[in-house]
Amino acid sequence: MLTRILLLSLFLAAPAHAEKLANKLFGAMAEPSVQDPMPIGSYAKGCAAGLWELPETGATWQAMRLSRNRNFGQPEMIDYLIDLSETAAAIGFGKGLYIGDISQPRGGPMTSGHASHQIGLDADIWWLAPDRLNLSRQEREDLSSIPMRSADQRSVTGNWGPKARALIEIAASDPRVDRIFVAAAIKIEICKTATAADKKWLQKIRPVAGHDTHFHVRLKCPKGARL
């Protein structure tokens, strides 16, 4: 245990050039550690113990881009995604959800695509509403999501509508959620018709570049997350 703590402390304090080595080491791990679940460090500089795997397919979801091996999260995140997918299906957002990257089996920095997603408490949810939940592994590699933001970044596209708005409100209203990152045009569109009653969940919606085809859910650290 002392050796693990020492290695972790060195990783968390390491200079930027060490991250190239760290992302290769964490990216090579095929399975979670056999430990109690625990986020370690911060969303963008850490790792994770005892992560759970989101099953590749469920009654109301499919995990996408399986070749990346990034469908692992803290138990709270896996439960949240399954709950949200059931609600998405219930409100008519297709048959549920296509779920993108969560975390690697042991968290940590990734070889591509994200600065965060390192402790099992971040997940990307596609804006493409599923019309099928029997996609093959190859189809999950080939299929792409849809843009909710126009090419000039000034407005939402025709893909935006009441069901997408309802989904983001439900996603943000969950008390487990800390932040949700979206394209700026989405928050602007929601604010056009927002009421005082929307303030509590709407303040969790944060505009961040690079989120035009998915929204990024970040959960609060779970109770007892001492590291």
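In the predicted model, the second largest pocket holds about 270 Å³ of space. This pocket is lined by 13 residues, of which R68, D101, D124, W126 and H214 are the closest to its centre. Classified by residue type, the lining of the second largest pocket comprises 7 polar, 5 charged and 1 nonpolar residues.

The packing of two helices was also examined. Helix α3 spans residues 75-90 and helix α5 spans residues 162-173. The axes of these two helices lie 11 Å apart, and the helices pack at an angle of about 150°. Because angles over 145 degrees count as roughly antiparallel, α3 and α5 are roughly antiparallel to each other. The crossing of α3 and α5 is right-handed.

At the contact between the two helices, α3 contributes Y80, L84, T87 and A88, whereas α5 contributes L167, I170 and A171. By class, the contact of α3 with α5 contains 6 nonpolar residues and 1 polar residue, with no charged residues.

Technical notes: Residues are numbered from 1 along each chain as its sequence is written. This is a predicted model: local features need pLDDT of at least 70, side-chain atom pairs count only at pLDDT 80 or more; totals for chains, interfaces and linings use all residues. Side-chain values use heavy atoms; hydrogens and water are left out. On a 1 Å grid over the protein atoms alone, a cavity is a set of points where a 1.4 Å probe fits but cannot get out, and a pocket is an open set with protein on both sides within 12 Å along at least five of seven lines; lining residues have an atom within 4 Å of a point. Grid points are joined across faces, edges and corners, and a volume is the space filled by probe spheres set on the points. Ala, Val, Leu, Ile, Met, Phe, Trp, Tyr, Cys and Pro count as nonpolar, Asp, Glu, Lys and Arg as charged, and the others, Gly among them, as polar. Axes are lines fitted to C-alpha atoms, for helices over the stretch in contact, and angles run from 0 to 180 degrees between N-to-C directions. Helices (H or I, at least four residues) and strands (E, at least two) are DSSP runs, numbered from the N terminus. Angles under 35 degrees count as roughly parallel, over 145 as roughly antiparallel, 65 to 115 as roughly perpendicular and the rest as oblique. A crossing is left-handed if the near helix is turned anticlockwise from the far one by less than a right angle, and right-handed if clockwise. Contact means heavy atoms within 4.5 Å.
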